[in-house]
Amino acid sequence: MNINNINHFKLISMLVLFLISFLFVTEVLAQAALRGTGDMGLIIERKTGSVQVLETTNNTLIKRIEGLGDLSHASIVYSRDERYAYVFGRDGQLTKIDLLEQKIAGQIQQSGNSIGGAISQDGSLIAVSNYKPGGVKVFDAKNLKLVADIPAIYGADKKLSKVIGLVDVPGQKFVFSLWDAGEIWVADLSIPLKPDIQKFKDIGKNPYDALITPDGRYYIAGLFGEDGMALLDLWHTEKGVTRILPNYGKGEKKLPVYKMPHLEGWVIAGNRAFVPAVGRHEVLVINTNTWQEAGRIKVHGQPIFVMARPDGRHIWVNFAHPDNDTLQIIDTESLKIIKELKPGKAVLHMEFEPRGEEVWASVRDEDQVDIYDTSSFERINTLPVTKPSGIFFTVRAHKVGL
Amino acid sequence: MRLAQLAITFKPSFEPDPGVSSGVRLLCYSLAFSLVTAAPLLLMPPAAIAEDISPVSLDSTSKARQIELENLLEQDCGSCHGLLLNGGLGPSLLPEALKGKSAEFLKITIRDGRPNTAMPPWEPLLSEADIDWLVKKLLQKTSVPLSKEPNNKLSNEPEEK
């Protein structure tokens, strides 16, 4: 071969090598970009109208998504394929987020003021509970088009009540409570354009939140205006709503309540339910076979969230202002407080990873989220998040009521 | 591994160059080229958030306490009244909603709460001076422009802000 041929040969080889290595690297990157969403989640940044996309395998923040409106109170449900999150914002905005592309996939202004929402059993419908106008609106989960509007009309003068405690239950139904009216409604959305509604009246004064047991059978609403809780057995609605714990706290003076406790499905551990007492420094223990009080645990302050570790062995409790710098961990067998943590000012929410080895806690006034080992209680990570509040993992996609 | 193999295959055919062998040089060039083209895919620009705390010096309440009260008004009153004070479980505290209500009425409401409603008495946690400051702040506020305008689009188009 002469010199020219060798030079040509060199040039062509160089180009071929560039091309091969370029393809090799982009293929490697493409493989890295393909991921599942089972270990992902979102954190609400309540002051800046944004959410942080996170993953729990390496405990990192992936991306901040902005433009979700007023998230001063917000909650999230996930699509059945764990790809999309539906964020219910305080100002009535409903935002659909694509976790894989990490961007907003749809957004509507559906009311003036909203507190939360749910996704139907089959994943095709999104329901939102609204304060203003009081009622429930139902949307198509794919394109967010309005499917049904259920105004919470009550009383002789046909006023609208604020709606709270909205959950999905088996049978393509939604159950929710009316704060002003003291009612519980069960809406069957089997025919989405024609909701079939069953109303239970006089269930108690000012239901402030509700939960559904993990099996989807019992709907329990906490009452702010009276002692006790309202219980509806969805397998036997003909029995109506019954009052449980009717006498707890009778005669005792309630403390001023600076923040409403929140009820979520994972207050159930084994055959006991652990719920926050209203206006008391107590966690109430309920026997879920008899619905009788099975004990009271004195705690650091007024509890906001009482959450069971996925295996049910411990429950973690956070508290209302001004005692909101503390977390207490209670053993569900002995009912004793086994650990106290001081993550910092304003611990607002906790979320356990799906199998429970770690828990994430938002510490609002420290602008951080702490991650704890749930066996050793060691803090293993801290992530910088601006005014974090709710933390929601994709595992919720497959849990009734969440 | 493919690159190294190629380099080894081609090596014997080249004229020997001074210094580093052609095959290794080719390997370096191609890696550098790949990194340069791949760099944009790897970079993730961090978002910057500016925190705005603007304490209002209305009276003798200390600066530190004013910052605490500002945070309380926004976050803890905001838990029920909305972070923008435009309402939630509790009514709006914006100027339009407070029209016609005296400072005295607001002070009593904050101090003693409203029995049989969700508004608690804040007297155990706030001093007279604290409550005075909060009331002045509420009455001083202008209508709050939303920092993020609600998006009125009904759409399933992907959208990024």
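How many helices and how many strands are there in chain B?

## Overall make-up

Chain B has 6 helices and 0 strands, where helices (H or I, at least four residues) and strands (E, at least two) are DSSP runs numbered from the N terminus. This is a predicted model, in which local features need pLDDT of at least 70, side-chain atom pairs count only at pLDDT 80 or more, and totals for chains, interfaces and linings use all residues. Residues are numbered from 1 along each chain as its sequence is written, and side-chain values use heavy atoms, with hydrogens and water left out.

Of the 161 residues in chain B, 32% are buried, meaning under 20% relative accessible area with a 1.4 Å probe and protein chains only.

## Helix 5 against helix 6

Helix 5 (residues 103-112) of chain B packs on helix 6 (residues 128-140) of chain B at an angle of about 125°, and their axes lie 10 Å apart; axes are lines fitted to C-alpha atoms, for helices over the stretch in contact, and angles run from 0 to 180 degrees between N-to-C directions. The contact (heavy atoms within 4.5 Å) involves A103(B), L106(B), K107(B), I110(B) and R111(B) from helix 5 of chain B, together with I131(B), D132(B), V135(B) and L139(B) from helix 6 of chain B.

## Helix 6 and its surroundings

In helix 6 of chain B, the buried residues are D130(B), I131(B), W133(B), L134(B), V135(B), K137(B) and L138(B). The buried residues of helix 6 of chain B pack against helix 3 (63-81), helix 4 (95-98) and helix 5 of chain B.

Conventions:
Chains are lettered from A and ligands numbered from 1 in the order in which they are written. Buried means under 20% relative accessible area, exposed over 50%, partly exposed in between (1.4 Å probe, protein chains only).
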